[in-house]
Amino acid sequence: MSAVQGHWREVSEQTVAATITSNGYFSSPPKSASQVVIIVERKEDWASYFPSEDIVTAQEYLEQTRENETGKRVQVINLCRSYKYLGHGYYCSLLAEARGHKVIPSVRTISELTKKSLYGLALDDLDKTLGGRKN
């Protein structure tokens, strides 16, 4: 078992497993519980590494309704392949924030990354570094 898998199991044991029932609702753990939801585009991409009940597809997350989550902290990790405007990744982060969940990446982060001026200089330096190397 890798160190990452060991850490994942440790974190999973410390949190109450969040499952999505057949009717699309989150199960209701105790009020003080913390829940982690990992959003992926295809479950097959992730399942072989860490089979977990915490993984939902972007489509499932966008379509599901939820029970009263008062007092429960929900952390969402959005691993969609694209965060472009009007795409699943963007809307999953937007919906997570609207639901009051702590989401990575946030909509603000996604929006800032569309501004090349924030990281354009670093790309120029990287291009120079890579351009100088001949294989």
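**Entry 1: strands 1 and 2**

I looked up the pairing of strand 1 with strand 2 in this predicted model and found three bridges, with the two strands running parallel. I took helices (H or I, at least four residues) and strands (E, at least two) as DSSP runs, numbered from the N terminus. I counted two strands as paired if DSSP finds at least two bridges between them. I38 has I55 as its bridge partner in strand 2, and V40 stands opposite T57 of that strand.

**Entry 2: ground rules**

I number residues from 1 along each chain as its sequence is written, and my side-chain values use heavy atoms, with hydrogens and water left out. As the model is predicted, local features need pLDDT of at least 70 and side-chain atom pairs count only at pLDDT 80 or more, while totals for chains, interfaces and linings use all residues.

**Entry 3: the sheet**

I followed strand 1 to its other partner, strand 3, where the pairing is parallel over six bridges. The bridge partner of I39 in strand 3 is N78, and I38 stands opposite I77. I then traced strand 3 to strand 4, joined to it in parallel by three bridges; V76 stands opposite V103 there.

I recorded an open sheet of four strands in the order 2-1-3-4, with parallel pairing. Strand 2 (55-57) and strand 4 are at the edges with a single partner strand each, so one side of each lacks a neighbour in the sheet. The twist averages 25 degrees from one strand to the next. For such angles, axes are lines fitted to C-alpha atoms, for helices over the stretch in contact, and the values run from 0 to 180 degrees between N-to-C directions.

I asked how many residues of strand 1 are buried. Seven of the seven are, so strand 1 is largely enclosed by the rest of the structure. Buried here means under 20% relative accessible area, exposed over 50%, and partly exposed in between (1.4 Å probe, protein chains only). S34, V36, I38 and V40 point one way from the strand, Q35, V37 and I39 the other way, and all are buried.

For strand 3 I noted a covered face made of V74, V76 and N78 and an uncovered one made of R73, Q75 and I77.

**Entry 4: helix 4**

I examined helix 4 (residues 88-98) and found G89, Y90, C92, S93 and A96 buried. They span an arc of only 165 degrees around the axis, which places them on the same side of helix 4; the arc is that of the directions from the helix axis to the C-beta atoms. Their cover includes strand 1 (34-40), helix 3 (58-63), strand 3 (73-78), strand 4 and helix 5 (107-113). Helix 4 lies across strand 1, strand 3 and strand 4, and runs at about 170 degrees to strand 3. G100 follows helix 4 and has a positive phi, near 85 degrees.

**Entry 5: backbone in two loops**

I checked L86, located in the loop between strand 3 and helix 4. Its phi is near 75 degrees, a positive value in a residue other than glycine. L86 is exposed, with a relative accessible area of 56%.

I also checked P105, found in the loop between strand 4 and helix 5. The peptide bond joining I104 and P105 is cis, with omega about -5 degrees.

**Entry 6: the whole chain**

I counted six helices and four strands in the protein chain, and from the N terminus on they run α-β-α-β-α-β-α-β-α-α. Of the 135 residues, 31% count as buried. The chain exposes about 9,200 Å², of which carbon and sulfur atoms supply 54%; these areas come from the Shrake-Rupley method with a 1.4 Å probe, and for residues only the protein chains shown count as cover. Among contacts (heavy atoms within 4.5 Å) between residues at least 6 apart in sequence, 57% join residues at least 24 apart.

**Entry 7: confidence**

The chain averages 76, and 67% of the residues score at least 70.

Terms used:
pLDDT is the predictor's confidence in each residue, from 0 to 100.
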